[in-house]
Amino acid sequence: MQQARSGTAVAWRGASKRYGGIVALDGIDLEVRGGELLALLGPNGAGKSTAIALALGLLRADAGEVMLFGRAPAELEARRGCGVMLQSAGLPDSLKVRELLELTRSYYAAPRGLDDCVGMAGLDGLMDRRYGRLSGGQQRRVQFALAICGAPRLLFLDEPTTGLDLDARTMLWATIRRMVGEGCAVVLTTHYLEEAEALADRVAVLAGGRIVACGSVQQIRARVSQRRIRCVSALDAARVGAWPEVRSVCRDGERIEIVTDYAETVVRQLLFEDSGLSQLEVQRAGLADAFVEITREAA
Ligand SMILES: Nc1ncnc2c1ncn2[C@@H]1O[C@H](COP(=O)(O)OP(=O)(O)OP(=O)(O)O)[C@@H](O)[C@H]1O
């Protein structure tokens, strides 16, 4: 099922939202196109869920606008193209999974096939179980199936893999990749930075309702000059920690791990001071390091 890749699926233009005295979103500009996955990252309370709620027409922006497929989110036709998995679902406990899935599929003119939904969300063996009797992770998989069953052109996934075991998470990632490959636009929020690193074409970091960084995973990582040095060394960690180029150091048994912006200088010093040093590794900042640094700067 190949869909059009071109075109903006969702756009926030100067979008702001306050709750009383709290500024939840402060004029964000962002867009996501077909066949692209945007990871919306940020600490608790940064404004991620509010951004999604504006796009779904659940809230109205106080200033600026949000467009879904070039229309206002209030228009049903625009929302029909969306699949949504929010943090809380509020589904009826007494319905069986099959009933929930068939009911939701019936809202769409051209839904995804039932077997396809079952396979893509890992619902084998759960179809005749009541929703309320499922485990938290199983309920999350059902919510995911409901989000994709309408064959959406735009998918909002708000922390979709929270509470999932490793197998379920791997399966969801494969399904998300498949959907992006089919031309679906995806907006994903997650606190698992390895998830963003594995899936995202672009990352936007929100802090205090503003976008403080936006770009590819590579670009975000490159904003941070930190390197991680690991080695086996007998040097005293506290002494290494006192070197001016060292941000932090920790010892785990015979290994030490050092975070620095000046890897070459620190490596030279380590080798100079410890001729027995071995298993030296230097790694550049991961997305998690960059995220910590960027949100700390923003704060
Ligand atoms: N209904 C509400 N009434 C008042 N304040 C709210 C409401 N909903 C959210 N807020 C506030 O708006 C800000 C943004 O909240 P939001 O839920 O969008 O953050 P988030 O980035 O999704 O956080 P999390 O990672 O914890 O899910 C927070 O300060 C939050 O306390």
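## The ligand shell

Four nonpolar, six polar and one charged residue make up the shell around the ligand; here Ala, Val, Leu, Ile, Met, Phe, Trp, Tyr, Cys and Pro count as nonpolar, Asp, Glu, Lys and Arg as charged, and the others, Gly among them, as polar. The residues surrounding the ligand are Tyr-19, Ile-22, Ala-24, Gly-42, Asn-44, Gly-45, Ala-46, Gly-47, Lys-48, Ser-49 and Thr-50, where near is defined as a C-beta atom, placed from the backbone, within 6 Å of the molecule.

Strand 2 (22–33) and helix 1 (48–55) are the elements that contribute two or more residues to this shell. Helix 1 gives the most, with three residues. Helices (H or I, at least four residues) and strands (E, at least two) are DSSP runs, numbered from the N terminus.

## Model and confidence

This is a predicted model, in which local features need pLDDT of at least 70 and side-chain atom pairs count only at pLDDT 80 or more, while totals for chains, interfaces and linings use all residues. Residues are numbered from 1 along each chain as its sequence is written.

The mean pLDDT (the predictor's confidence in each residue, from 0 to 100) is 91 for the protein, with 98% of its residues at 70 or more. Over residues 1–5, pLDDT stays under 50. Where pLDDT is low, the predicted coordinates should not be read in detail. For the complex, the predictor gives an ipTM of 0.96 and a pTM of 0.83.

## Domain arrangement

The domain assignment, whose bounds come from an automatic or database source, gives domain 1 (8–222) and domain 2 (227–298). Their centres, taken over C-alpha atoms, are separated by 38 Å.

Definitions and conventions:
Contact = placed C-beta atoms within 7 Å.
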